[in-house]
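Here's a look at how two chains pack against each other. Have the model open while you read.

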Amino acid sequence: MITIVSIILITIALIGIATTRNLLRILMGAEIILNAANMNFAYNSAKLSNIDGDIFILFTLIVTAAEVALGLAIILLIYKNFNTVDIKEIGRERRY
Amino acid sequence: MDFILLIFSIIAIFSAISVFFMKDLFKAALMLGVVLISVAVIYAKLMATFIAILQVLVYSGGILIMILFAVILMRTWEEGITVKKIYLIPATLFLVFLVPLINLGAVMQKEFTVTDLGNELFSRYIIHFEIAGLLLLLAMVGSVFVAKRWKE
């Protein structure tokens with residue numbers, strides 16, 4: 001069941017990332033995908049009674065924190081340069 | 001059948017949908033918080049108590065606040081994804097058809113404590129732990145470097 005929920009969450013986030021035009025929404029979709037994968041790790045760790053899945057969730061948490069910090073800094077830089085976070089408009093009026 | 005697991009899975013799925021369908025970006029970020037806390041509840045039901053606490057602390061305490069600050073800083077009033085309401089019917093039908101697939105495999109009874117996690121983290125995974133610390137340091141320095149206001 002957890003596997004099915006994880007699959008549905010990943011599908012929703014992928015469709016959302018593919019169709020949205022806002023950079024912040026794309027970042028949120030990446031968060032949802034990582035959370036769904038973590039749910040799978042927790043389920044298998046509980047089912048197999050093996051602690052490696054829980055350890056891996058810890059490392060994914062660390063990498064996610066780093067990813068969000070850097071991603072938000074990059075989005076802030078884009079917003080300062082282009083005055084928008086819409087990827088279509090950024091592609092249209094690219095200066096560099 | 002675990003009732004709480006089912007309810008919070010459904011909450012997680014529907015708020016994940018509304019992350020992309022909310023017109024206001026701020027409300028979308030708040031719905032992301034609902035997804036994260038539902039996942040924390042699912043962790044707690046899967047006997048990963050420490051991971052659940054860490055999820056609430058790190059995700060909805062740190063990452064969500066950071067995303068909310070960014071949203072407040074650069075909020076533009078754009079439209080969300082527009083999909084016709086009629087398309088929600090086959091989507092919910094799909095979910096209903098998935099219900100017979102639910103397999104309630106027996107989850108073990110052993111619970112990993114913080115002691116187990118710490119012992120494992122500082123013996124077998126010590127190199128990974130150090131590299132993760134280095135990664136966090138690099139991300140911090142890098143994000144300050146990127147977002148710095150450069151003098152012309």
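A polar contact here is a pair of N or O atoms within 3.5 Å, where one must be able to donate a hydrogen and the other to accept it, and residues adjacent in sequence count only if both atoms are side-chain atoms. Keep in mind that this is a predicted model. With that rule, chain B and chain A share five residue pairs in polar contact, both residues at pLDDT 80 or more. There's also one salt bridge across the interface: D52(A) pairs with R124(B), with the closest N and O atoms 3.7 Å apart.

So what does the side of chain B that touches chain A consist of, by class? It has 51 nonpolar, nine polar and eight charged residues. Helix 3 of chain B gives the largest share, 12 residues.

Some interface totals:

| Item | Value |
|---|---|
| Chain B residues in contact with chain A | 68 residues |
| Chain A residues in contact with chain B | 53 residues |
| Area buried between chain B and chain A | about 5,500 Å² |
| Part of that area on carbon and sulfur atoms | 81% |

On the chain B side, F20(B), M74(B) and F112(B) supply 14% of the area buried against chain A, more than any other three residues.

Now the core. The largest nonpolar core has 61 residues, and L24(A) is among the members that touch the most others, as are Y43(B) and I67(B). Helix 3 of chain A gives this core its largest share, 11 residues. Leaving aside neighbours within four places in sequence, L24(A) is in contact with L72(A) and I75(A), plus L25(B), A70(B), V71(B) and M74(B).

How values were computed
Residues are numbered from 1 along each chain as its sequence is written. Chains are lettered from A and ligands numbered from 1 in the order in which they are written. This is a predicted model: local features need pLDDT of at least 70, side-chain atom pairs count only at pLDDT 80 or more; totals for chains, interfaces and linings use all residues. Side-chain values use heavy atoms; hydrogens and water are left out. Contact means heavy atoms within 4.5 Å. Buried area is the accessible area (1.4 Å probe) that two parts lose on being put together, summed over both. A salt bridge is a side-chain nitrogen of Lys or Arg within 4 Å of a carboxyl oxygen of Asp or Glu. Helices (H or I, at least four residues) and strands (E, at least two) are DSSP runs, numbered from the N terminus. Ala, Val, Leu, Ile, Met, Phe, Trp, Tyr, Cys and Pro count as nonpolar, Asp, Glu, Lys and Arg as charged, and the others, Gly among them, as polar. A nonpolar core is a set of buried Ala, Val, Leu, Ile, Met, Phe, Trp, Tyr and Cys residues joined through side-chain atoms within 4.5 Å. Buried means under 20% relative accessible area, exposed over 50%, partly exposed in between (1.4 Å probe, protein chains only).
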